[in-house]
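Biologist: I'm new to this one. Please take a close look at the disulfide bonding and talk me through it slowly.

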Amino acid sequence: TRYPTAGQIRRLGQLHARLPRRPAACPAGADLSSWHMWYEESLDGRLAPRGRRDMEYLARRLAARFPALFAARRRLALASSSKHRCLQSAAAFRRGLGPAPSQGSDEVDVEVNDSLMRFFDRCAKFVALVEENNTAMGQVNAFKEGPEMQKVVEKVASALCLPVEELSADLVQVAFLTCSYELAIKNVTSPWCSLFSEEDAKVLEYLNDLKQYWKRGYGYDINSRSSCILFQDIFQHLDKAVEESKSSKPITSPLIVQVGHAETLQPLLALMGFFKDDEPLKANNYVRQAHRKFRSGRIVPYAANLVFVLYHCDQVKTSEEEYQVQMLLNEKLMFFHHSNETISTYADLKNYYKDILENCHFKEECELPKVNVTAVDEL
C-alpha cells in the first residue's frame, strides 16, 4: 500500500488547479477545490504506514500457517527489488516475524536482485516493443476514446462544471485513483469518490485491466516470456530442497522471500497460464468481458503474494508422491491446471511446465529481433 507516483501526483495537481471555486453554481467542484491537496511529489510511490502494517501482518499470518518453516528464521533468504518501497516492505516483513533467534544470528541482510524482481527492465525486446512503443497500447487508447469512457468523462465534467474538452480520460482516471488511494492509505471515503457511480468504477477498472493485460499479461507473448528467469529460479530452489532432502542433508534455504512488484507477479502468473480468458481484452468488448477472469485488482492487489510450498510426505505409496507442492495466491489455494486439484506431486508440476523450464531462455527471449518488427507481430 503505497503513495501515488510523482506523475500521478502532478496530474492530480493539474486537475485540482482547474476546479471552479464557486460554491453556489457548482457544489461538487467547490467541495473538491477546498479539499486539501496533501500529496507531494517527494512521496513518489513510497510505502505508506498502512503498507508497512500489511507486510508485518502478512509475515505473522504466514508464520502461523507454516510454523515449522518460520521457526528456522535464521535461515531466511530475503531478496528485494532496489525500489525504496520494496526494501521497506522486506524490512517490514522481517519485523513481522519478531526478534531474530539469538543463537549467533544477525539481522538478515536483504539482497537487492533487480535481475529477478525487475526482469522487465532488463528485457530489451519488452522495453522496445511494449514499454516504449506508442502503438502497443492501441486497445487502451481506443477504450479511452470509446463510448463507455467518454460517458464517464462527460459526467465528471458536468459534475465539476468544467468544459468537457478540459478533461481527458487520464485526468478522470487520476480522480478515481485518488479516491482509491485515500481509501487504501487513510481508510477514508474521499470527496473524489462522490464523482463516480459503481458503473463508472467498473468502466475505470476495465481501463486499468486493459493496460495490465496488454503491458503485463496476455496481450503480447514477451510480457510473460520475460519472466521465465524468475520462474526457473523458483524451480531451482525447489529442486535444491528436494535434492538435499533426498540425501538427508539440512535444507540450506528452507524459507525464501522475494519482494517485487505487481509487474513482477502479473507476468509470472500469465506465464503459468492463470486468469486467461477465452477472448482477449479489447476496447470494443467491455460488455462481453463483464465476467472476465483477468481482474488485476483481484490478482495483484496491494501486498499481493504468491507462495510455493514444498512438502515432504513420508507415508506414500510411490516415490513420485514423496514431494508435493501447493500454490497460494493472496493466501488462497490455487487449482493447478494439469490436475484441477490444489495439490500436485512435484514431478507432475515440473512435467506440466517442462517446456518453460527447458526452453524459455531469458537472453534469447529478450533479444531484439534483427529486422524491424512491430509489437503487433508478437500477438
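**How the cysteines pair up**

Modeller: If you count the bonded cysteines along the protein chain, the disulfides pair up as 1-3, 2-8, 4-5, 6-7. A disulfide is a covalent bond between the sulfur atoms of two cysteines, and here it is called when the two sulfurs are within 2.5 Å. That rule gives four disulfides. Keep in mind that this is a predicted model, where local features need pLDDT of at least 70 and side-chain atom pairs count only at pLDDT 80 or more, while totals for chains, interfaces and linings use all residues. Residues are numbered from 1 along each chain as its sequence is written, and side-chain values use heavy atoms, leaving out hydrogens and water.

Let's start with Cys 26 and Cys 161, whose S to S distance is 2.2 Å. Their link is right-handed, with 105 degrees about the S-S bond. Cys 26 sits in the loop between α1 (6-18) and α2 (27-33) and Cys 161 in the loop between α9 and α10, so this bond ties together parts 135 residues apart in sequence. (Helices are DSSP runs of H or I with at least four residues, numbered from the N terminus.) Cys 26 is buried at 1% relative accessible area, whereas Cys 161 is partly exposed at 31%. Buried means under 20%, exposed over 50% and partly exposed in between, using a 1.4 Å probe and protein chains only. Most residues other than glycine have a negative phi.

Next come Cys 123 and Cys 366, with sulfurs 2.1 Å apart. The torsion about their S-S bond is about -100 degrees, so this disulfide is left-handed. Cys 123 is in the loop between α6 (114-117) and α7 (124-131) and Cys 366 is in helix α18 (residues 362-366), so the pair connects parts 243 residues apart in sequence. Cys 123 is buried at 0%, and Cys 366 is buried at 5%.

Cys 228 and Cys 360 are bonded too, with their sulfurs 2.5 Å apart. This link is left-handed, at -85 degrees about the S-S bond. Cys 228 belongs to helix α13 (residues 228-246) and Cys 360 to the loop between α17 (354-359) and α18, so the bond joins parts 132 residues apart in sequence. Cys 228 is buried at 0% relative accessibility, and Cys 360 is buried at 0% as well.

And what about Cys 86? Its closest cysteine sulfur, in Cys 123, is 19 Å away, which is too far for a bond. Cys 86 is buried, at 3% relative accessibility.

Definitions and conventions:
Helix = DSSP H or I, 4+ residues; strand = E, 2+ residues; numbered from the N terminus.
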